[in-house]
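Here is a short report on one protein model. Please look over the sequence and the structure before reading on.

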Amino acid sequence: MNKKSIVVIFLLLVILAAIVVSIHSLGGSAPKQEKAVVGVIMPGSVSEEGWNSVHYKGIKEACDSLNAEVALIENVSESANIDSVIEVLANQGARIIILGSYYYPAAGAKSIRNRPDIFFYCCSAEFDSKNFKAYFGRMYQGRYLAGIVAGLTSKSGRIGYVAAMNNSEVNRGINAFALGVRRVNPKAKVLVSWTNSWNDADVEKAHANKLIDSGKVDLITYHQNRKNVPMVAEEKGIPYIGYNDVTLQGSELHLTTVLSNWYIIYREFIQDFLQQKNKDNMTYWTGVEKDAVYLSHFSPLVSESTAQKVQEVLNELKAGADAFIGPIRDNQGRRRCDKNETISDQELRSNMDWFVEGVELYE
């Protein structure tokens, strides 16, 4: 082979290499994309059992499945400077921020409305902004089912309920629970004791002790972030129904727990945001129809007939029935819902400042 042929072959190889590099850069391999950052603000530690851990677990699993990154700030009280916390997450690149406690939107209203480049989500529906959406599980459906367990298990027909805050979220849970109780035990009463705190162990235990020691209840439940009420119930030897986590596993006194699969709920709206499907003013409220709300298990103290009744009602709910179907009267005797009517989602979300018949405030 002469020198001229060698030069020609060399030039052809150089041109071929250049073409391969060009094709690779144009279409063969897309540039690496940065992960979306999902900001999260939680009122307590995500390592503690209860509200904070179950929510964070759902968020993390949802983000992992969507190749998104979580930026977490925990132990933020509702009285803290939420605006400054939002700015920290914004500086970390978050363009979606999950507010993990009911009163965060009101506390951070200024930043929410002044940051249209960020979309905010919270379990509270009592706030309005173009860049804000509410989400929650239809936990009241689980409360309704748990009420049936309580109504058929309680021998006295008087059930204690340690409740955190007098707001629509907590109140609809109390009301749904009472409706479930009275569906199977029409003369039963639900005695509510307020702690005015989401997470205060001493106060919660004091209220649980007060209800149990009064001798007026033989079963107890609660709406708090952690499992202080079950701990008292175990000490006193009284059956209880849990909330948010599986409480004290292995105890017969633990009748069941109202749970939510937060992964299902969080994945739905995070995915919609990432795919830019959240432009309509919609809210996310997912329930038993997607298995996002359920009861954990049944203790041996729950009879087979009770378990069958719960399954029957669950099937009704999945088929479109409603826990809040009339006729419904409040505990002042006022008719709130006529026969075969249902209470609207708007009323349940934002205007539940009343209690159904059978609920008594115990102070």
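## Ground rules

Helices (H or I, at least four residues) and strands (E, at least two) are DSSP runs, numbered from the N terminus. The model is predicted: local features need pLDDT of at least 70, side-chain atom pairs count only at pLDDT 80 or more, and totals for chains, interfaces and linings use all residues. Residues are numbered from 1 along each chain as its sequence is written, and side-chain values use heavy atoms, with hydrogens and water left out.

## The second largest pocket

A pocket is an open set of points on a 1 Å grid over the protein atoms alone, where a 1.4 Å probe fits, with protein on both sides within 12 Å along at least five of seven lines; lining residues have an atom within 4 Å of a point. The second largest pocket holds about 270 Å³ of space. That volume is the space filled by probe spheres set on the points, which are joined across faces, edges and corners.

α7 (168–184) and β13 (328–329) each give at least two residues to this lining. The largest share, 3 residues, is from α7. Among the lining residues are Y144, R183, P327 and E357. The lining divides into 7 nonpolar, 1 polar and 4 charged residues. Here Ala, Val, Leu, Ile, Met, Phe, Trp, Tyr, Cys and Pro count as nonpolar, Asp, Glu, Lys and Arg as charged, and the others, Gly among them, as polar.

## Backbone details

P327 sits in the loop between α11 (304–318) and β13. A cis peptide bond joins G326 to P327, with omega about 10°.

N67 is not a glycine, yet has a positive phi of about 60°. Its place is the loop between α2 (51–65) and β2 (69–73). N196, also not a glycine, has a positive phi of about 60°. N196 lies in the loop between β7 (189–194) and α8 (201–213). N196 is exposed at 55% relative accessible area, while N67 is partly exposed at 48%. Buried means under 20%, exposed over 50%, and partly exposed in between (1.4 Å probe, protein chains only).

## Salt bridges

A salt bridge is a side-chain nitrogen of Lys or Arg within 4 Å of a carboxyl oxygen of Asp or Glu. The count by this rule is 15. One of them pairs R183 with E316 (3.1 Å, N to O). R183 lies in helix α7 and E316 in helix α11, so the bridge ties together parts that are 133 residues apart in sequence.

In D291 and K318, the closest N and O atoms are 3.0 Å apart. E87, R95, R115 and D117 are linked in a network of salt bridges.
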